[in-house]
Amino acid sequence: NGKEAPFSKFLGTRHAKMNNGTDHPLIGFGTYKIGFVPASSNTANQPGHSPDQDPAEIIKEAIEVGYRYIDCAQFYGNEKMVGTAIKASGVPRKDLFIASKVWGDKIYEGEDAVRQQFERTVSDLGCEYLDLYLVHWPVPGKHVACYKVLEQLLQEGRVRAIGVSNYTIEDYQELQKEMKVKPVVNQIEINPFLYRKKTIDFFQKEGVLLQSYRALRQGKGLDDPRIRSVAEKHGKTAAQVLGRWCVQKGIVVVAKTVKRERMLENLGVFDFTLDESDVSTLDGMTTPDTIEEYRALYFKCIVRDTPLEKAPPEHHTVTLD
């Protein structure tokens with residue numbers, strides 16, 4: 001109906017509905033940089049945790065405190081370790097929502113490479129199936145063919161749902177011409193510093209659930225006075241305000257931390273509501289600089305770890321906001 005969802009809609013609800021009729025937990029645990037930092041990451045030599053922490057323990061602890069959606073990826077290079085943690089947690093597979101993504105190198109190489117990578121992912125994670133499998137970046141000229149492999153895996157019952165990540169409106173429209181199954185999600189960066197309203201509205205209208213990575217802006221925005229003042233008003237932390245802002249818009253949050261107290265803190269977004277003035281403050285924080293940073297990152301990542309890096313295709317027009 002184009003109207004804002006009523007503010008109470010997601011209060012107390014811990015799931016969102018996907019367009020295939022199944023539930024998706026509204027808060028997930030991100031595994032990027034836990035135990036392994038990819039070579040082509042911006043912080044290749046900085047693990048996301050202290051040397052004395054056992055990375056598998058961190059993930060097991062996240063499951064223990066209540067996370068059920070575990071967000072994984074080929075690129076993160078740690079799926080075997082995540083599999084160890086899942087097994088050690090003792091939580092039955094049917095109670096978990098396990099997602100992974102196929103990376104640009106395999107997307108570029110084509111169908112066989114994508115299938116082999118999928119087999120490796122499920123083997124490393126110790127799962128017979130995935131709840132969700134995504135195309136990590138829309139590699140130019142290659143991502144549609146990759147998505148078709150995901151459609152086959154869905155048909156074969158190897159995955160319960162399929163989707164995309166980092167897709168712009170234009171990438172989705174390119175896929176739309178050939179897809180048989182609509183993606184259930186698009187995982188993109190969403191936070192008040194990068195609030196691309198036109199893009200978010202487009203996907204929500206399409207019935208594609210949005211997952212937000214960097215929902216907490218990697219901790220960088222937690223000292224912003226505007227966020228702090230909203231947090232103080234509600235007796236909450238800055239991280240909880242950022243998480244609540246997403247959840248209240250019906251956007252799934254992928255939260256990443258290695259500390260138990262933060263894991264619990266990030267789950268604490270279901271017992272308060274941001275009012276209209278809070279929302280309008282947070283909605284107004286995106287600047288041309290952050291949009292430009294996003295544009296540069298997008299064009300870098302769609303070719304990353306592929307031969308296209310050396311001879312990138314001409315930049316196509318994409319909706320940035």
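1. Helices here are DSSP runs of H or I with at least four residues, strands are E runs of at least two, and both are numbered from the N terminus. Bear in mind that this is a predicted model, where local features need pLDDT of at least 70, side-chain atom pairs count only at pLDDT 80 or more, and totals for chains, interfaces and linings use all residues. Residues are numbered from 1 along each chain as its sequence is written, and side-chain values use heavy atoms, leaving out hydrogens and water.

2. H2 itself covers residues 79-89, and its buried residues (under 20% relative accessible area, 1.4 Å probe, protein chains only) include Met-81, Val-82 and Ile-86. The buried residues of H2 pack against helices H1 (55-65) and H4 (111-125) plus strands E4 (69-71) and E5 (97-102), with contact taken as heavy atoms within 4.5 Å.

3. Now the barrel: eight strands close it in the order E3-E4-E5-E6-E7-E8-E9-E10, with parallel pairing. Pairing takes at least two DSSP bridges between two strands. E8 (185-189) and E9 (209-213) have five bridges, also parallel; Asn-186 is partnered with Leu-210 in E9.

4. What lines the largest cavity? Asn-166, Tyr-167, Ile-188, Glu-189, Arg-196, Tyr-213, Tyr-294 and Leu-297 do, where lining residues have an atom within 4 Å of a point on a 1 Å grid over the protein atoms alone, and a cavity is a set of points where a 1.4 Å probe fits but cannot get out.

Methods
Buried means under 20% relative accessible area, exposed over 50%, partly exposed in between (1.4 Å probe, protein chains only). On a 1 Å grid over the protein atoms alone, a cavity is a set of points where a 1.4 Å probe fits but cannot get out, and a pocket is an open set with protein on both sides within 12 Å along at least five of seven lines; lining residues have an atom within 4 Å of a point.
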